[in-house]
Amino acid sequence: DAGRAESPDGPADVLETKDDAGRAVRYFIDPASHMPLMVQYQEVRAQAMPAQGAPKTTTVTIHLSDYKKVDGVLLPRQVDTSVNGQASEAWTIENFKINPTVKANVFQKKAK
């Protein structure tokens, strides 16, 4: 438990964990619905051009919204990612399949 965060959209409970490398990962949870609103972590990224110098630490933020119940499970239909506050990706998920039937041979390595 890392406490509570306030934003223009309202309060969020904050949970902090560590990933396998020991870096902090923060989960921002809606206190009313208990659904994840945002995930935030830092990672080291190489510069686009080698002349720009050494890799630097960036903050990655993933916003989750527009939850829809699918087979009894609430899932986010909108996933927006930003890096250092700049929009990076936006996904709108239109369809979900929960526990689809998958044939075992799908995971077999193809012969060369």
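User: Happy to dig into this one with you. Why is Ser82 called buried?

Analyst: Ser82 has a relative accessible area of 12%, and buried means under 20%, exposed over 50% and partly exposed in between, with a 1.4 Å probe and protein chains only. The value lies under the cut-off, so Ser82 is buried. A word on the basis: this is a predicted model, where local features need pLDDT of at least 70, side-chain atom pairs count only at pLDDT 80 or more, and totals for chains, interfaces and linings use all residues. Residues are numbered from 1 along each chain as its sequence is written, and side-chain values use heavy atoms, leaving out hydrogens and water.

User: Thanks! What makes Ser82 part of a strand, and which residues is Ser82 in contact with?

Analyst: Ser82 is placed in strand S6; strands are DSSP runs of E with at least two residues, numbered from the N terminus. Contact means heavy atoms within 4.5 Å. Apart from neighbours within four places in sequence, Ser82 is in contact with Thr59, Val60, Thr61, Ala87 and Ser88.

User: Gln78 is in strand S6 as well. Is Gln78 buried or exposed?

Analyst: Buried: the relative accessible area of Gln78 is 18%. Strand S6 itself covers residues 73-83. Once neighbours within four places in sequence are set aside, the contacts of Gln78 include His63, Asp66 and Trp91.

User: How do you know that the side chains of Thr92 and Gln78 make a polar contact?

Analyst: The distance is 2.7 Å. A polar contact is a pair of N or O atoms within 3.5 Å; within protein, one must be able to donate a hydrogen and the other to accept it, and residues adjacent in sequence count only if both atoms are side-chain atoms. The 2.7 Å value falls within that limit, so the pair qualifies. The side chain of Gln78 also has a polar atom 3.1 Å from the backbone oxygen of Trp91.

User: And what makes Thr92 count as exposed?

Analyst: Its relative accessibility is 51%, which is over the cut-off, so Thr92 counts as exposed. Thr92 lies in strand S7, residues 86-92. Beyond residues up to four places away in sequence, Thr92 touches Arg77 and Gln78.

User: Let's turn to charges. Why is the pair of Arg26 and Glu16 called a salt bridge?

Analyst: The closest N and O atoms of Arg26 and Glu16 are 2.8 Å apart. A salt bridge is a side-chain nitrogen of Lys or Arg within 4 Å of a carboxyl oxygen of Asp or Glu, so this pair meets the definition. Arg26 is in strand S3 (residues 24-29) and Glu16 in strand S2 (residues 10-18), so the pair ties together parts that are ten residues apart in sequence. Arg26 is partly exposed at 34%, and Glu16 is partly exposed at 34%.

User: How many salt bridges does a search of the whole structure find?

Analyst: Four. Among them, Arg4 pairs with Asp13 at 3.4 Å, N to O, and Asp19 with Arg23 at 2.8 Å. As for accessibility, Asp13 is partly exposed at 28%, Asp19 at 25% and Arg23 at 40%.

User: Last one: what makes Val102 partly exposed, and which patch does Val102 belong to?

Analyst: Val102 sits in the segment after S7. Together with Val106 and Phe107, Val102 forms a nonpolar surface patch with about 340 Å² of accessible area, computed by the Shrake-Rupley method with a 1.4 Å probe, only the protein chains shown counting as cover for residues. Patches take residues with over 30% relative accessible area and no salt bridge, joining like charges within 9 Å and nonpolar side chains (Val, Leu, Ile, Met, Phe, Trp, Tyr) within 5 Å.

How values were computed
Helix = DSSP H or I, 4+ residues; strand = E, 2+ residues; numbered from the N terminus.
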